[in-house]
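Here is a short briefing for a reader who is new to this structure. Keep the sequence and the 3D view at hand while reading.

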Amino acid sequence: MSTVIIGLFEGVESAAGASRALQALSLPAGSVTTISAVPLPEGAVVTDPAPIRFPRIVIAGWFLGAAAGLALTLATYLLYPLVTGGKTIVSIPPTLIITYEVAMLGALLATLFGGGREMRLLRFPPKVVHDPRIHDGKIALCVLVDGEGQAFRVTSIMKAAGGTDVRAEEGEL
Amino acid sequence: MKHTWAMAIDLDRCTGCGACVVACNAENNIPVIGEAEAAKSRLMHWIRVNRYWEGEFPEAQAIYLPIPCMQCERAPCELVCPVYATYHNEDGLNAMVYNRCIGTRYCANNCPYSVRVFNWYDYKWEKPLDEQLSPDLTVRSRGVMEKCTFCIQRIRRAKEAAAEEGRGIRDGDVVPACVQTCPPGAMVFGDLADPHSEITRKLKDPRRFRLMEHLGTEPRVVYLKRQKGAGR
Amino acid sequence: MSAEAPRAGTDHLARTDEAAMFERLSRSNLVTTWRWYLGVGVAGAVLLWGVIVFMYMALVGMGVTGYNRPVFWGLYEASLVFWIGLSHSGTLISAILRLTHATWRAPVLRGAEAMTAFTLMVGGLIPIVHLGRNWRVYYALPYPSSRELWPNMRSPLMWDAMAITTYLLGSLTFLYVGMIPDLALLRDKSAGWRRKFYSALSLGFRGTHAQWRRYHVASTLFAILIIPIAVSVHSIVSWDFAMAKVPGWHSTIFAPYFVVGAIFSGIAGVVIVMAILRKAFRLESALTPLHFDNLGKLLCTMTLLWGYFYFTEFLTVWYNRNPEEWEVFSSYGGHYLPLFLTMLICNFVIPFPMLCLKRVRRSVPLILIPAVSIVIGMYAERLLIVIPSLARRNDPFIWANYFPTWVEFSVMAGAAAMFVLLYMLFAKFFPIMAISEIKERLFHTTDRKIGGATVESIAQVEGEEEARA
């Protein structure tokens, strides 16, 4: 269980000021983040060092879906070879249609599950820091700290930059 | 042995009497739906006799066209059934699988000859009419498509009899109900794979034509054009 | 809100009382009046009636409908196309406007996406309703069974099954993922069973910087994926007809024609739903005349597009005078003239002149006239596609007319009631306004002085490049 210092700021500008002041502490990358009701532009208050990986899963999902669709269609043709309408047993145009649909379904599900995983939703144990007052126009600045000394320094910087209700909480970022 | 069943209908001989329709109804457990349903255009005849009028009174002429299932080589109905309730069997017939049909009615929409009929209700044969039912084929439930099968039950019987006697099917062994009944003998049925059968000879007739050939269905029912001569 | 020294480039969100905005925009969730209960009751009753009549039809047989030979497809199948068509509303509004950064979409998003999901549910049930043996619908599923048969993938109905399933899952996912930030908001603002409900649904979304970045990418990916799915779905539905050997159906133009018609009826549906939401939940501040103006402009474009496709179809048939197709088209001037005139008047003659006028587009009561007219006209168009082509098909001897019976009307009324009921339940328990999107838009909006004028300036924040300070 880690310690997080969390403080509320009135707007983007004051949060950005606090973030700039915190840079003096040379905290490890990814230990400072905001919790806000609207997405803040990258670099406005904090930057996100981790690359976004799940689009690759989406592409993989598309191909997996295409393979599944192809397998489904070919299996239905070849397992039960019945002549209909004088067409060949393995009819290509319907195969393309079904393959395409299942491919899109695969990409869709990959986006859902890959994105969901990378957004780190549903964390167990669900002890993560949060402040519901962000929905009233505040921005929460959260800093992951290591030890009492760092916690004190972070707290004082945030208070000096205009943060209200700056406190330490046990939880993950 | 592979068969290629086909039918020839000589329009010169057809009088439009409709005996083929009655025979088919009797042979294939087809319900009589009644006047009210018939007025709603729900007749269940597997073979129907189309009647077209040519000319105006007093020179109006009726043209009769008996239409069974064409058993198309490239049947458009087979292609669109989502559950394989109709498919092309080895004898080149368009086979029906009543138990499989879920009643989407797409096959009926795709048949340009409109030979497919649908069971709108569960039809009942009140006693003693149930004794007229043929045990060789089913009574179809509501929600199921049906159509002419070239009397496949008679084809099966002939195949069984031939197999018992250790021979192939001879020309004339298989006679569908409509062909059997036609009073003027306008209908001929047989195996095109047999080079000596009557149907093979009939199909060399220069009067031959198929219905809606331009649609590419390749029907197995061939018509022989009516000749126009003195007094016709 | 706190009184601060005005900052340079103060955004509109800073000026907004967010708590009050939440109360305003979430009125559908927070306040329940007797009108809601009445609406749900009536919709539920009609749905129940529809279900009972459907069961009667399943037990007695399709004969209780108006179907006959050769009109084996009628009201049910036309309704299927209609409902699936309406579902193209949300896709257009949400996905295309999202990808093109049309910021005005924010208040309209959720309602349109919800409409997509529920019209699709209704449309997806109709293939089961129209079967002769509905209880055997599972024959169309590919699974190992003792029957030793799998479905026929060559059938356009199977393509339908795959496409509608994919689109339904896609639009539900799109709707749900779009709602996650708003569900988080509702979670944070509620207590008791509601809090538990929204906690479960919001999946622990908090709004950290990393989450927002990934959420934005996921939303964009969904939008990119759902558009081709939507286009393919209605193309496949159109191929149910285009693949058939029926005069008037067998036309290569059907796929784009149906997609255009779907988007057309979909936008009209969105206008109607938005107008109702605006009135019912007093959302005048969020759904402004500007939104109806923009939707009206889209609708005007689609009127022209639809007219263009219809004229093209007519022109080729008229010019060629192919006997089989000509009989079908002649019936439009004969037995089916009332339906044909309804379609033309409701789809083009009424909407087009009205939607050209800014005064009509900017007035919510006035824009409802072309919107309702279009929905009626498109329903007539679907009926006109399905019925005359079958009633006047290849063999003139078996031509017959078709008219639906009380059974078909009841079941389809039940379907419409199902949509209304689902929508009302959705609006009650889920955020009907995309509050996060609206806030995001306000956050990006500032007032910019250009000379003597003050204009609204909306920042476009897309990707990493623009944000590097």
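A:Glu42, A:Asp48, A:Glu118, C:Arg213 and C:Arg214 are linked in a network of salt bridges. The model is a predicted one. Over all chains, the structure holds 37 salt bridges. The points below take up some of these pairs, then the largest pocket, then one leucine.

**Salt bridges in chains A and B**

- In chain A, A:Arg167 pairs with A:Glu169 in a salt bridge. Their closest N and O atoms are 3.0 Å apart.
- In chain B, B:Arg142 forms a salt bridge with B:Asp122, with 2.7 Å between the closest N and O atoms.
- This pair links distant parts of the chain, as B:Arg142 and B:Asp122 are 20 residues apart. Both sit in the loop between strand S6 (117-118) and strand S7 (145-146) of chain B.
- Are the two partners buried or exposed? B:Arg142 counts as buried, because its relative accessibility is 14% and the cut-off for buried is under 20%. B:Asp122 counts as partly exposed, at 30% relative accessibility.

**A salt bridge in chain C**

- C:Arg15 and C:Asp447 meet through their side chains in a salt bridge, at 2.4 Å from N to O.
- The pair links distant parts of the chain, 432 residues apart. C:Arg15 lies in helix H1 (residues 12-15) of chain C, and C:Asp447 lies in strand S1 (residues 445-450) of chain C.
- C:Asp447 has a relative accessible area of 39%, so it is partly exposed.

**The largest pocket**

- The largest pocket holds about 980 Å³ of space.
- Its lining counts 33 residues. The closest to the centre of the pocket are C:Val273, C:Ile276, C:Val420, C:Tyr423 and C:Met424.
- Which helices supply at least two residues each of the lining of the largest pocket? In chain C, they are helix H4 (34-60), helix H5 (75-86), helix H11 (254-280), helix H17 (364-391) and helix H18 (406-429).
- H18(C) gives the most to this lining, with nine residues.
- By residue class, the lining of the largest pocket has 24 nonpolar, four polar and five charged residues.

**One leucine in chain C**

- C:Leu344 is found in helix H14 (residues 337-349) of chain C.
- With a relative accessible area of 29%, C:Leu344 is partly exposed.
- C:Leu344 and C:Gln460 are 116 residues apart along the chain. Their C-alpha atoms are separated by 42 Å.

Terms used: Residues numbered from 1 in each chain as written. Chains lettered and ligands numbered in written order. Predicted model: local features only at pLDDT ≥ 70, side-chain atom pairs only at ≥ 80, totals over all residues. Heavy atoms only, no water. 1 Å grid on protein atoms, 1.4 Å probe; cavity = no way out; pocket = protein on both sides within 12 Å on 5 of 7 lines; lining within 4 Å. Points joined across faces, edges and corners; volume = space filled by probe spheres on them. Helix = DSSP H or I, 4+ residues; strand = E, 2+ residues; numbered from the N terminus. Nonpolar A, V, L, I, M, F, W, Y, C, P; charged D, E, K, R; others polar. Buried < 20%, exposed > 50% of the residue type's maximum accessible area, 1.4 Å probe, protein only. Salt bridge = Lys/Arg side-chain N within 4 Å of Asp/Glu carboxyl O.
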